[in-house]
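Here's a quick tour of the model, from the overall fold down to a couple of spots inside it. Have a look at it first.

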Amino acid sequence: MSEPKAGGKALYIVAVIIGLLLAAAVVWMFAQALAINPKDPWSAFPVSQAFLTARDALLVIGGAVWVLGTVVFFLELAGYTVTKSGLSKTKTGIANWGVVDIALTALSAAVYGGLLFATAPIVLVPGFTWLRPANALAPLFGMFFGIPGCLGAAIGNLIADILGGFFGVGSIGGFIGNFLIAYLPYKFVKDHSFSTASSIGEFYVWGVIGQAIVSAVYICWWLDIMQAFVGLPIFVIWGIIAPIIFSNNVIVTAILSPILGKALFPLIKARGLYWKDRL
């Protein structure tokens, strides 16, 4: 694949710089908040304040994100995708899956769920979320394995919820929310090799920043709407859980995903498992 022109390459470099700076800024801001108020750092965390301040707008935006995300989830599994020209039939729906597709879904779910469960004891919000460095793998499952990898990420998150004691109404949002973490880079990053400026730049746009925002809004909108069932205060939903989802996803995908992606992509290709090669 040819490299982009100078102007395009510069934009991709800017995207990478912004992604890395955002990850560093999140770490620095939380460290500052922790120093200001060790017992309740969320009250001094700027990301928490941003989500809380925007809560009314996020209820509207989140509703649109939830509807679109949920519709896309079912459409893709049914073998349809949204393109610039409208709805198109694909060869990636479940009806067209073979043994390899099913195996890749199971593999993604087992690896993702197992690694998430390994850090489940590091609880951040009891019953709802925990430290999740394994989230660095979800975008890669989508980019490398396609829709089977996206579904595997969703199932893996559900497995971790069940094994870790976090299963509940919120797990419904987490199921499709994790599907979207894998789906956005699968859908919008054209080159999945991590070996060109466009590949890395587009990943930072969709696999780092885009998925972090969408997953946080999707999951927390669901928790807010289902507040009567989940029993969480608004401050916990938007002031703690949303910043945790956003911050964790930005940090681990900005730092770990490109390194893992660069190392794993040639191996995936060599074994004939890359989704584009299998169509």
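Twelve helices and four strands make up the secondary structure of the chain (DSSP runs, numbered from the N terminus: H or I of at least four residues for helices, E of at least two for strands). This is a predicted model, where local features need pLDDT of at least 70 and side-chain atom pairs count only at pLDDT 80 or more, while totals for chains, interfaces and linings use all residues. Residues are numbered from 1 along each chain as its sequence is written, and side-chain values use heavy atoms, with hydrogens and water left out.

Some whole-chain values:

| Item | Value |
|---|---|
| C-alpha trace span along principal axes | about 50 × 40 × 40 Å |
| Buried share of the 279 residues | 50% |

Buried here means under 20% relative accessible area, exposed over 50%, and partly exposed in between (1.4 Å probe, protein chains only).

Now for the inside. The largest nonpolar core has 69 residues; such a core is a set of buried Ala, Val, Leu, Ile, Met, Phe, Trp, Tyr and Cys residues joined through side-chain atoms within 4.5 Å. F51, F144, F179 and F246 have the most contacts inside this core. Setting aside residues up to four places away in sequence, F51 touches L58, A216, W238, A242, P243 and F246 (contact means heavy atoms within 4.5 Å).

What about G156, buried or exposed? G156 sits in helix α6, residues 147-164, and is buried, with a relative accessible area of 0%. Beyond its neighbours within four places in sequence, G156 is in contact with A109, Y112, G113 and L116.
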